[in-house]
Amino acid sequence: MNTPLRCVVTTVESDAHAWNLIYLQLLLEERGSIVRNLGTCTPVDLVVAALVEERPDLLVVSSVNGHGHHGVRILLRALAARGIDVPCVAGGKLTVSEADDPWVRRDLIQRGCAEVFVGPTAIDRFQAFLDARWRTGVDTARPSVPALPGRQTGALDQTGVVSCTS
Ligand code: B12
């Protein structure tokens, strides 16, 4: 019998949407996972504290207000700064334009996300991701993605603004 996957579900500090978080919590619980849902408008420090306390197998970040891309970058930077190496996936409506989805996914994977789920197939792909890891345990390996020409691929500065390196 598999050990239950322990997940922390969160959003970013700017995001007040709740049903996406509840949806993901129920989805994960139906699969037998143990979930701590941190709720809306989650301060980065609260996420950090929860990860230190829970030591989960997976951090699931959901955002739909259009500012998720920025918020997830800030969160990833905070986790890296504190040496927290919990596999992290993100998804939802991460910008205000679906046309940005491919490069947003690549950008967040380059910055440390294990995977990013956007668009109409997000839940199906998330389930497939969980299925793959359910069999073998959580895999922290990150997919390799090429840098996107003409897009910002540099590091975040202190304000969370990307400095352009290409
Ligand atoms: C209800 C709602 C609100 C409520 C939220 C109340 C609450 N307590 O939750 C209120 C009124 C507060 C609100 C406010 C705002 N909202 Co609003 N809201 C909605 C609305 C109508 C429904 C959201 C919802 O509950 N959906 C149900 C859940 C289950 O579905 P979901 O959120 O889409 O999540 C699904 C997928 O996205 C995916 N998913 C999401 N996250 C993740 C993560 C992972 C890992 C995976 C795999 C999948 C995944 O899985 C879910 C199930 O399929 C949507 C429009 C819509 N019809 O979707 C707009 C919408 C999300 N809101 C929007 C906006 C712009 C705002 C405001 C900025 C409006 C304003 N100018 O003030 C504010 C932002 C407030 C803030 N600080 O975040 C936009 C976002 C646009 C974008 N991203 O491009 C939307 C899409 C409306 C629109 N079409 O313009 N909102």
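The model is a predicted one, with local features needing pLDDT of at least 70 and side-chain atom pairs counted only at pLDDT 80 or more, while totals for chains, interfaces and linings use all residues. Numbering starts from 1 along each chain as its sequence is written.

Now for the overall layout. The chain has five helices and five strands, where helices (H or I, at least four residues) and strands (E, at least two) are DSSP runs numbered from the N terminus. Read from the N terminus, the order is β-α-β-α-β-α-β-α-β-α. Of the contacts in the chain with a separation of 6 or more, 72% join residues 24 or more positions apart; a contact means that two C-beta atoms, placed from the backbone, lie within 7 Å.

What about the inside? Buried residues (20 or more other C-beta atoms within 10 Å of their own; exposed means 12 or fewer, partly exposed in between, with C-beta atoms placed from the backbone) make up 29% of the 166 residues. A nonpolar core is a set of buried Ala, Val, Leu, Ile, Met, Phe, Trp, Tyr and Cys residues joined through C-beta atoms within 7 Å. The largest one has 29 residues, and L59, V60, V61, C88, V89, A90 and C113 touch the most other members. Strand 3 supplies the largest share of this core, four residues. Leaving out residues up to four places away in sequence, V89 touches L58, V60, C113, A114, E115, V116, F117 and F129.

Most residues other than glycine have a negative phi. C41, not a glycine, has a positive phi of about 45 degrees and is found in the loop between strand 2 (34-37) and helix 2 (44-54). C41 is partly exposed, with 15 other C-beta atoms within 10 Å. R55 is not a glycine either, and has a positive phi of about 45 degrees. R55 sits in the loop between helix 2 and strand 3 and counts as exposed, with 11 C-beta neighbours inside 10 Å.
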